[in-house]
There are 2 protein chains.
Amino acid sequence: MKEYKVIFYPGGEEANAPHGENLLRVAAAAGLYITASCGGNQTCGKCKVIIESGEIEGGLSDKLSPEEIEKGYRMACTSKIKSDLEVRIPVESQLSDKRVLTEATSKRLLIPESLETLAPEYKLNPLLKKYYLELPLPTLKDNIDDYSRLKRGLKQSYNFPDCSISLSCLKTIPGLLRKSGFKVTLTLLETGNIPEIVKIEEGDRTAEHYCIAIDIGTTSIYAALIDLSQGEVLATASDYNAQIAYGEDIINRIVYSQKGDGLKTLQEAVVKTIEGAIHRVLKEADISEDKISYLVAAGNTTMTHLLLGLDPKYIREAPYIPAINSTLQIQAAEVGLDLPAHVCLYLFPGAAGYIGGDITAGVLGTGIAQSDELILFIDIGTNGEVVLGNSEWMVAAACSAGPAFEGGTIKHGMRATFGAIEQVEIDENCEPMLITLGHKPPKGICGAGLISLIAELLETGIINQRGKFNTGLSTTRIRTKGGTKEYVLAFKDETGIDEDIVITEPDIDDLIRAKGAMYAGVSTLLNSVGLGISDISRIIIAGNLGFHLEVEKAITIGLFPEVDYSKFTFIGNGSLLGATLSACSREMFEKADEIARSITNIELSDNPEFMEEYMAALFLPHTEEKRFPEVLKRLSKHRCRRTEVR
Amino acid sequence: MKEYKVIFYPGGEEANAPHGENLLRVAAAAGLYITASCGGNQTCGKCKVIIESGEIEGGLSDKLSPEEIEKGYRMACTSKIKSDLEVRIPVESQLSDKRVLTEATSKRLLIPESLETLAPEYKLNPLLKKYYLELPLPTLKDNIDDYSRLKRGLKQSYNFPDCSISLSCLKTIPGLLRKSGFKVTLTLLETGNIPEIVKIEEGDRTAEHYCIAIDIGTTSIYAALIDLSQGEVLATASDYNAQIAYGEDIINRIVYSQKGDGLKTLQEAVVKTIEGAIHRVLKEADISEDKISYLVAAGNTTMTHLLLGLDPKYIREAPYIPAINSTLQIQAAEVGLDLPAHVCLYLFPGAAGYIGGDITAGVLGTGIAQSDELILFIDIGTNGEVVLGNSEWMVAAACSAGPAFEGGTIKHGMRATFGAIEQVEIDENCEPMLITLGHKPPKGICGAGLISLIAELLETGIINQRGKFNTGLSTTRIRTKGGTKEYVLAFKDETGIDEDIVITEPDIDDLIRAKGAMYAGVSTLLNSVGLGISDISRIIIAGNLGFHLEVEKAITIGLFPEVDYSKFTFIGNGSLLGATLSACSREMFEKADEIARSITNIELSDNPEFMEEYMAALFLPHTEEKRFPEVLKRLSKHRCRRTEVR
């Protein structure tokens with residue numbers, strides 16, 4: 001079949017593809033991620049591209065304005081290529097070079113100060129260890145085989161009664177022993193009762209020992225390179241999960257996995273993303289990949305399944321059964337990762353189909369399971385998860401919050417990367433002040449920015465408690481476009497994109513639903529154990545919302561319960577934190593399975609109590625005023641400006 | 001065509017055959033070997049049978065006396081069947097008990113009667129086992145992951161506290177559980193303290209459980225398919241090791257492995273041969289390869305290294321160090337065998353660079369390590385190995401005998417397969433009578449045939465004690481061709497090949513060196529522990545020499561020491577015997593490593609005592625006449641015909 005060449009701008013990436021191929025897939029093949037919330041289902045209208053030369057079929061949509069169509073804008077997901085092409089990906093469709101939050105903290109692996117007391121059991125004890133041996137040279141009188149000589153040395157020097165060996169390592173033994181004068185370093189995989197020799201190196205290499213912790217998020221992948229001789233994080237990197245091209249959330253990914261080669265495509269996409277992140281941390285620290293002993297990865301259950309190439313189908317269907325939720329240790333190469341044969345991959349255990357390894361890692365990293373106090377853990381990601389408990393018991397629930405807080409479904413939503421609006425203040429004239437990440441011209445709004453914005457809109461009376469605009473205010477920023485009311489955060493010429501940045505009433509509805517689901521999840525969990533908000537000693541927030549998450553504003557909109565601010569801790573990426581700690585500490589990793597098994601999952605779908613709580617929470621901050629007395633006191637200050645539309 | 005039923009007595013074996021079929025072939029088809037010296041050429045008169053009922057055509061011969069004809073005796077090779085028959089095979093026409101024992105028992109894996117006392121610990125206990133589970137269906141209240149459900153089932157039904165799983169198996173679990181209604185059979189690999197689930201099948205498949213035992217010889221590969229539910233051998237196959245093309249013996253193979261891709265070439269060659277043998281046994285028994293759970297392979301140290309792709313270089317250089325000599329368990333696919341991912345490969349441990357897993361297997365299979373009596377074990381293969389000992393101690397030595405006994409280096413040497421001359425008798429006119437394997441026209445001479453032949457040549461005075469021809473005899477069978485003296489065993493038109501089958505003086509020299517090395521090895525071992533031949537209670541001979549190995553003749557040529565015949569047992573392929581037993585018995589396999597570690601290797605290369613013994617043994621039977629008094633008595637009978645050329 002005829003193949004065409006497609007060049008993508010601004011990067012100049014090239015890909016070849018056959019006649020009729022879908023343009024979104026061509027871009028993915030070239031390693032380019034075009035924002036596509038709906039996974040190519042032609043509903044979200046976000047994958048706009050500009051066809052600069054060449055011919056396509058399709059690509060039109062009512063999501064495109066006549067001006068855009070005139071300029072060559074098309075929807076990539078419905079475009080089929082019919083010739084060589086030059087395609088420009090507009091800024092708003094690029095999943096930019098982002099840098100996520102933990103990156104900024106980077107250099108030293110340490111539980112954040114506030115958490116040190118929460119992870120008291122942490123001590124440096126890597127999952128694989130290195131042992132240096134100086135062995136006697138073979139003679140006719142001492143002519144045991146090379147492998148037995150190693151075993152004897154391990155027994156004499158380190159008291160290992162026995163061991164096993166991988167074939168790939170065995171192959172390197174005769175040559176390396178002789179090259180090194182029988183002075184070698186062994187890397188041992190210690191699981192079960194018999195350690196396995198997975199690697200042999202010349203001379204004493206015990207100081208050169210590294211591993212990588214990985215958080216496999218639905219939206220983003222994070223990697224942290226760890227020096228195991230010191231327990232230090234040397235470098236971190238993150239990237240968008242390349243699976244995004246095939247669906248924005250878990251459900252869409254599962255749906256895609258059921259189509260033809262879908263599972264394979266999704267596995268390859270995440271493997272490619274992880275490889276990229278590994279490559280970047282290694283490059284940054286100038287360390288070669290053969291010095292890596294293992295990876296420790298945490299992700300939600302579906303992400304884990306897709307990485308392993310396991311069919312996630314039954315996670316989606318009641319009673320929501322994963323293939324595996326336990327700790328798993330395999331060769332990294334088994335999932336297709338292009339790493340040396342000795343590199344192991346450890347996967348974090350989960351508690352249920354929607355309470356995955358990322359949550360176990362967060363719980364582990366924050367020490368909830370060792371706490372005497374009652375802790376509430378809230379992970380705000382593409383899915384929202386809530387855990388409540390202490391060292392005695394833990395209950396958890398997954399809330400279908402939707403990807404609003406990660407930028408999905410919101411017209412100008414985006415991830416917390418350069419140009420994302422993180423913080424908003426609005427003055428008495430309805431004029432906003434915006435703080436963007438990296439101080440770049442605004443490109444969109446991230447999770448923290450949305451929370452800040454909605455709270456400001458509410459406090460200033462621009463919206464009412466149902467999230468509807470007060471059209472009686474004299475400002476050009478509140479307007480109606482195409483029948484939809486919106487507030488303009490930044491006019492086109494102030495932005496880093498080619499249009500006004502706005503928040504619409506449907507966006508606000510989405511946010512209210514998302515925060516309502518989170519809050520209702522917390523309430524349902526508390527009810528399930530007969531406790532109330534006042535019983536909670538500490539609230540730990542995890543997620544990639546952005547650095548500037550303002551607790552006060554999150555309480556104002558009713559996302560978090562109204563308690564004293566001092567009870568809140570924000571830890572950023574909890575999954576990566578737990579994976580990093582466990583990568584450095586066998587005791588921590590072993591505890592993970594115990595934690596996963598001790599969490600009781602409360603299923604919220606079809607749960608009438610949750611539905612009732614959810615309906616009650618679809619209000620800013622909540623229909624039950626007594627739950628947010630301080631917020632209501634503050635809101636009353638602006639009551640003069642409010643037009644009651646309730 | 002009409003088929004008749006033929007019943008053979010005393011065994012009661014039955015065969016169906018068409019009208020007019022040759023009775024010798026009917027017997028062969030029933031698995032019965034009727035002595036037929038001439039390979040069915042109707043000249044030897046040895047295949048007498050008694051027709052007890054029914055009608056035949058032909059079968060008369062001047063080899064039969066009138067009394068015999070009266071009693072119903074006929075020659076099987078010229079009898080054609082014309083009705084249902086009952087046929088008795090008289091004692092003198094039955095192949096002796098010296099048939100390879102494992103072969104004789106063909107249908108049922110049993111330690112041959114004579115060995116039962118030597119392997120008392122044998123009981124059916126496969127290395128991998130199958131377990132059937134009927135699991136409760138998942139519900140919202142019982143929604144643990146599939147893998148945990150399996151683990152719980154294994155714990156509840158079979159008391160396994162924990163287990164692990166291979167990724168390849170994990171992938172099949174969700175689909176298979178649901179397809180089977182959660183009724184499945186698991187195959188478990190039980191090593192270390194945590195068993196691994198390697199395979200899952202729908203429904204109860206515990207009865208369908210098979211493995212294959214393999215002997216990896218330098219010259220030949222043997223495979224036996226075993227039904228693990230019964231401990232029965234269902235089929236066997238053998239083939240030349242395709243590595244032969246790259247060197248006849250171990251040293252040449254090691255040399256070849258050092259050239260360019262040599263190691264890879266050799267690995268691929270043996271893998272291909274093993275695959276062929278596996279394919280044949282599976283086809284014969286009509287069993288698909290996915291029903292195989294594991295392979296158990298025994299081979300000498302170099303063969304094992306080449307199969308694993310391990311560099312054998314240091315086995316050849318003093319102090320002769322292998323990479324590994326312990327038990328090894330890997331995936332069969334890791335060495336390139338085209339088998340499903342769940343198939344394990346177990347390799348037998350060896351004792352030294354030249355005392356490999358084949359010898360450990362032979363020692364294991366014959367029970368030397370459990371014996372109170374002193375046993376001498378001699379394995380005659382491409383290399384010759386000797387083990388001496390009992391339950392208290394064992395010493396072993398490898399003799400560079402060369403491949404003469406397996407047919408290598410001998411002009412018309414061949415493996416013990418159809419058409420191989422196994423037994424030779426020479427009359428007073430220097431005329432030979434030949435017994436071939438499978439009653440086929442002769443194609444060459446196997447190990448047993450060579451021993452028989454050399455003994456006959458010696459006893460009849462056709463050669464002298466130095467192996468030189470007596471050219472003074474009046475026979476056309478002794479001749480000089482191209483400057484080389486030779487004896488014609490069969491002229492071209494009597495053979496199954498396109499030339500005369502001969503034995504040459506250089507062939508005889510080779511045989512004398514080979515038998516001299518074996519004998520000297522035995523003597524050196526005995527000397528090393530201060531014992532003599534009279535201290536030996538039992539001598540066990542292993543090797544693929546052929547069915548008809550005649551102990552008397554082997555003593556005549558000085559291959560075996562002169563002791564009472566009753567002390568000898570011939571077990572055929574000891575390596576395959578040990579591998580087969582171990583494949584059926586975890587206790588046996590575990591004992592192998594213990595045996596390998598308890599054997600003391602006596603190095604013969606550069607051993608002056610061995611060299612002295614070897615030089616003294618380069619004579620028929622030996623230069624020291626007092627070691628073979630009975631042989632010399634017999635030889636003196638023919639002394640009248642001898643022309644002394646000494």
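**Close-up views of a predicted two-chain model**

In chain A, 68% of the contacts with a separation of 6 or more are made by residues 24 or more positions apart, two residues being in contact if their C-beta atoms, placed from the backbone, lie within 7 Å. The model is predicted: local features need pLDDT of at least 70 and side-chain atom pairs count only at pLDDT 80 or more, while totals for chains, interfaces and linings use all residues. Residues are numbered from 1 along each chain as its sequence is written, and chains are lettered from A and ligands numbered from 1 in the order in which they are written.

View 1. Chain A holds 17 helices and 29 strands; helices (H or I, at least four residues) and strands (E, at least two) are DSSP runs, numbered from the N terminus. Of its 646 residues, 54% count as buried. A residue is buried if 20 or more other C-beta atoms, placed from the backbone, lie within 10 Å of its own, exposed if 12 or fewer, and partly exposed in between. The domain assignment, which is automatic or taken from a database, includes domain 3 (128-202) and domain 4 (359-403 + 518-628) of chain A. The centres of these two domains, taken over C-alpha atoms, are separated by 47 Å.

**View 2. The side of chain A that touches chain B.** Here 35 residues of chain A are in contact with 35 residues of chain B. Helix 4 (146-158) and helix 5 (167-179) of chain A each supply at least two residues of this side, and the largest share, 6 residues, comes from helix 5 of chain A. By class, this side of chain A has 20 nonpolar, 9 polar and 6 charged residues. Ala, Val, Leu, Ile, Met, Phe, Trp, Tyr, Cys and Pro count as nonpolar, Asp, Glu, Lys and Arg as charged, and the others, Gly among them, as polar.

**View 3. Helix 6 of chain B.** Helix 6 (residues 167-179) of chain B has a kink of about 40° at B:I173, shortly before the proline B:P174; the bend is the angle between axes fitted to the seven residues ending at a residue and the seven starting there. The buried residues of helix 6 of chain B are B:C169, B:L170, B:I173, B:P174 and B:L177. Their cover includes helix 9 (313-316) of chain A and, from chain B, helix 5 (146-158) and strand 10 (183-189). Just after helix 6 of chain B, B:G181 takes a positive phi of about 65°.

**View 4. The loop residue B:E550.** B:E550 is found between strand 27 (538-543) and helix 14 (551-556) of chain B. This residue is buried because 21 other C-beta atoms lie within 10 Å. Not counting residues up to four places away in sequence, B:E550 touches B:Q423, B:I451 and B:S452.

View 5. B:Y320 is not a glycine, yet has a positive phi of about 60°. B:Y320 lies in the loop between helix 10 (313-316) and strand 16 (328-331) of chain B and is buried, with 20 other C-beta atoms within 10 Å. Phi of B:D606, also a residue other than glycine, is positive and near 60°. B:D606 counts as exposed, with 9 C-beta neighbours inside 10 Å.

**View 6. Two cis peptide bonds.** A:A318 and A:P319 are joined by a cis peptide bond with omega of about 5°. In chain B, a cis peptide bond joins B:L620 and B:P621, with omega of about -5°.
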